[in-house]
Amino acid sequence: LARVMVNRVWHHLFGQGLVRSVDNFGVLGDRPSHRELLDWLADWYRTEARWSTKKLIRLIVTSRAYRMSSAPTDAVAEEKDPMNALLHLMRLRRLEGEAIRDALLFVSGDLDKAMFGASVSIHLTPFMEGRGRPEKSGPVDGFGRRTIYVEVRRNFLSPMMLAYDTPLPFTTVGRRTSSNVPAQALTLLNDPFVLRQA
């Protein structure tokens with residue numbers, strides 16, 4: 001359990017886990033790129049951090065590996081390790097849809113920084129029909145609340161979040177899909193939320 005949790009946190013922070021197959025630690029999964037590091041972190045997480053994910057994240061983000069530049073500076077390392085398996089530089093990672101939405105709220109000055117509280121109802125578009133549709137729609141901007149506070153309904157997912165590869169809430173997802181499709185650019189041009197923030 002500790003190895004799986006450490007690997008998932010590492011995957012979230014670095015864009016790739018120490019074991020690349022985040023959902024499969026078995027025989028058919030990938031082998032760890034840094035087995036000793038994974039074992040040490042798992043042991044530290046259980047004993048020193050006492051299963052505190054906050055302490056684990058703090059340890060990782062203050063490490064030298066996390067604070068490295070993503071710009072290649074060592075030609076020899078680039079030649080010997082072109083896939084960056086040995087972590088000679090920080091991997092480039094794309095922003096998730098939630099971060100894009102929160103950034104739009106921040107830049108427009110509408111971000112509500114309040115923490116906790118009830119979730120905000122999802123904004124229903126005219127195309128969101130089906131069984132179990134809520135009686136009323138939430139506001140387009142979600143009252144300025146961060147995306148983590150916007151309600152997730154399995155049959156009525158935010159079109160903007162779907163365009164940016166939000167996981168479907170039907171099963172556990174260890175690694176998000178990562179696509180580069182025209183719908184993402186079109187969302188930034190036409191989505192009612194984006195237009196309102198602009």
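Good morning. The model is predicted, so local features require pLDDT of at least 70 and side-chain atom pairs count only at pLDDT 80 or more, whereas totals for chains, interfaces and linings use all residues. Residues are numbered from 1 along each chain as its sequence is written, and side-chain values use heavy atoms, with hydrogens and water left out.

I begin with the overall architecture. The protein has 8 helices and 0 strands; here helices (H or I, at least four residues) and strands (E, at least two) are DSSP runs, numbered from the N terminus. The order of elements from the N terminus is accordingly α-α-α-α-α-α-α-α. The C-alpha trace spans about 55 × 40 × 35 Å along its principal axes. Of the 198 residues, 35% count as buried, where buried means under 20% relative accessible area, exposed over 50%, and partly exposed in between (1.4 Å probe, protein chains only). Contact, throughout this talk, means heavy atoms within 4.5 Å. Among contacts between residues at least 6 apart in sequence, 57% join residues at least 24 apart.

Within α1, the buried residues are A2, V6, N7, V9, W10, H11, L13 and F14. These buried residues pack against α2 and against α3, which covers 53-61. After α1 comes G15, with a positive phi near 85 degrees.

How do α1 and α2 cross? The axes of α1 (residues 2-14) and α2 (residues 35-47) come within 8 Å and cross at roughly 110 degrees. That angle makes α1 roughly perpendicular to α2. For reference, axes are lines fitted to C-alpha atoms, for helices over the stretch in contact, and angles run from 0 to 180 degrees between N-to-C directions. Angles under 35 degrees count as roughly parallel, over 145 as roughly antiparallel, 65 to 115 as roughly perpendicular, and the rest as oblique.

Next, the cores. A nonpolar core is a set of buried Ala, Val, Leu, Ile, Met, Phe, Trp, Tyr and Cys residues joined through side-chain atoms within 4.5 Å. The largest one has 18 residues, and those with the most contacts inside it are V6, W10, F14, L41, Y45, L56 and I60. Helices α1, α2 and α3 each supply at least two residues of this core, and α1 gives the most, with 6 residues. If we leave aside neighbours within four places in sequence, W10 is in contact with G15, Q16, G17, L18, L37, L41, I60 and L87. Apart from this core lies another, of 8 residues, among them M160, A163, F193 and V194.

What does T187 touch? This residue of helix α7 (residues 182-190) is buried, at 12% relative accessibility. Beyond residues up to four places away in sequence, T187 touches M160, A163, Y164 and V194. In helix α8 we find L195, in contact with L189 and N190 when neighbours within four places are set aside. L195 and M160 are 35 residues apart in sequence and 12 Å apart in space, C-alpha to C-alpha.

I close with backbone geometry and the chain's last segment. Most residues other than glycine have a negative phi. F116, although not a glycine, has a positive phi of about 70 degrees, and F143, also not a glycine, has one of about 60 degrees. F116 lies in the loop between α5 (97-108) and α6 (159-163), and F143 lies in the loop between α5 and α6 as well. F116 is exposed, with a relative accessible area of 62%; F143 is exposed at 58%. Finally, A198 lies in the segment after α8 (192-197) and counts as exposed at 89% relative accessibility.
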